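Welcome! Please open the model in your viewer, and let's walk through it one selection at a time.

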Protein chains: 2
Amino acid sequence: MTINEIKGLIDRSLFASLGYTDESGRQNIRRVFCVWHKGLGTHIISTNTSSSHVKSLLKNSNACLYFSDDTSFEAVCLYGKAEICTDRHYKELLWNEGDEKYYPGGIDDEDYCVIVFTAESGRYYRADGKADLSAGAITEYDKECKLENGYSNTHS
Amino acid sequence: MTINEIKGLIDRSLFASLGYTDESGRQNIRRVFCVWHKGLGTHIISTNTSSSHVKSLLKNSNACLYFSDDTSFEAVCLYGKAEICTDRHYKELLWNEGDEKYYPGGIDDEDYCVIVFTAESGRYYRADGKADLSAGAITEYDKECKLENGYSNTHS
C-alpha cells in the first residue's frame with residue numbers, strides 16, 4: 001500500500017478498533033467512532049469519561065488503533081499512546097448536534113472527554129504485501145496535514 | 001443482551017478482531033476470518049504459521065477476541081487464550097476449496113495452522129446495557145453446543 005492508500009483507508013472509515021491493556025492486565029479491544037485525523041499520526045475520539053477503557057488508559061496509555069476494510073482486505077495497525085484529554089478545543093470540535101443524549105451537560109459535561117491517539121509507528125496489511133510504517137514516514141507525511149474530519153471529506 | 005443475542009452476533013460475523021501482545025510488548029490487533037465456533041467459548045481460526053501474530057501468540061497466548069456489528073452497535077469481547085494448533089482434524093474442517101492459493105502444499109502445508117481461541121470470560125456492549133459474561137455462563141451455555149460454522153448456518 002502507498003502512504004496515500006493507507007490515509008484513504010483511515011479517512012473512509014467510520015470506526016476503528018482500539019487495543020489496550022485493561023486494569024486486570026488483559027488484552028482488551030473497544031470499537032470506537034473515529035473520524036477526526038491529523039494525517040496518519042494523530043486521531044481524536046470522543047467518549048465517556050466513566051467508561052472502562054478510559055479508566056484503563058489512564059493507568060496505561062500504550063495502545064494500538066486498527067483501521068480495516070473487510071471488503072478490500074486492507075488494514076493498518078498504528079502503535080502509540082491513547083491519552084485522555086479534556087481540552088475544550090477538541091471537545092467543541094468533536095461535538096455533534098444531538099450529543100446531549102449521551103452527555104446531558106453538553107460540551108462541559110464531566111462525562112464527556114476525548115482520547116488523543118498519537119501513533120509512533122504502524123504496520124499495514126493487504127493481499128499484495130504488508131510492511132512497517134516508520135515513525136519517520138508518519139512525521140514526514142503529517143507535516144502538511146491539518147486536523148480534519150476524514151469521513152465527511154470522503155463521503156461528501 | 002441475552003446470551004442468545006450474543007451468540008447471534010458471533011454467528012452472523014464473518015470476521016473478528018484478535019487482540020494480543022506482540023514480541024515487542026506492544027498491544028496489537030489482527031483482523032481474522034472467524035466462522036467456526038463451539039458455543040461462546042471456543043473459536044477456530046485458520047492462518048499462516050509464518051505470520052507475525054502466530055509468532056507473538058506462541059510466546060504469549062493471552063488474547064482477546066472481539067466481535068462487533070457497526071450497524072446495530074453491538075459488540076462482545078471475549079478474554080482468554082489463543083493457542084496455535086496443527087491438529088489435522090481442525091485443519092481438514094476449516095479447509096475450503098481454493099485454499100491452495102494460500103497454502104500450496106494443501107492441508108499438510110507447514111504454513112497452514114489454526115488458532116484455537118478459548119474464552120474464560122467476556123463483556124458485551126449495546127446501547128441498552130453492557131455487562132460481564134462469566135466463565136460459568138459460558139460453560140453452562142456451551143454444554144449443548146457442537147463445533148459449527150455459524151456464518152454458514154446463519155446465511156444459508
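## Chain A, inside and out

Keep in mind throughout that this is a predicted model. Begin by selecting chain A, where 37% of the 156 residues count as buried. "Buried" here asks for 20 or more other C-beta atoms within 10 Å of a residue's own.

Now switch to a cartoon view of chain A, and you can find 5 helices and 9 strands. Follow the chain along its sequence, and the elements come in the order α-β-β-β-β-α-β-β-α-β-β-α-β-α.

Along the principal axes, they fill a box of roughly 45 × 40 × 30 Å. How does the radius of gyration of chain A fit a compact globule? For 156 residues such a globule would have a value near 15 Å, and chain A has 15 Å, so the two agree.

Stay with chain A and turn to its contacts. Among those with a separation of 6 or more, 65% join residues 24 or more positions apart.

## Bringing in chain B

Finally, look at where the two chains meet: both copies use the same surface, as 100% of the contact residues of chain B recur in chain A.

How values were computed: Residues numbered from 1 in each chain as written. Chains lettered and ligands numbered in written order. Predicted model: local features only at pLDDT ≥ 70, side-chain atom pairs only at ≥ 80, totals over all residues. Helix = DSSP H or I, 4+ residues; strand = E, 2+ residues; numbered from the N terminus. Rg over C-alpha atoms; globule rule 2.2 N^0.38 Å. Buried ≥ 20, exposed ≤ 12 C-beta atoms within 10 Å, placed from the backbone. Contact = placed C-beta atoms within 7 Å.
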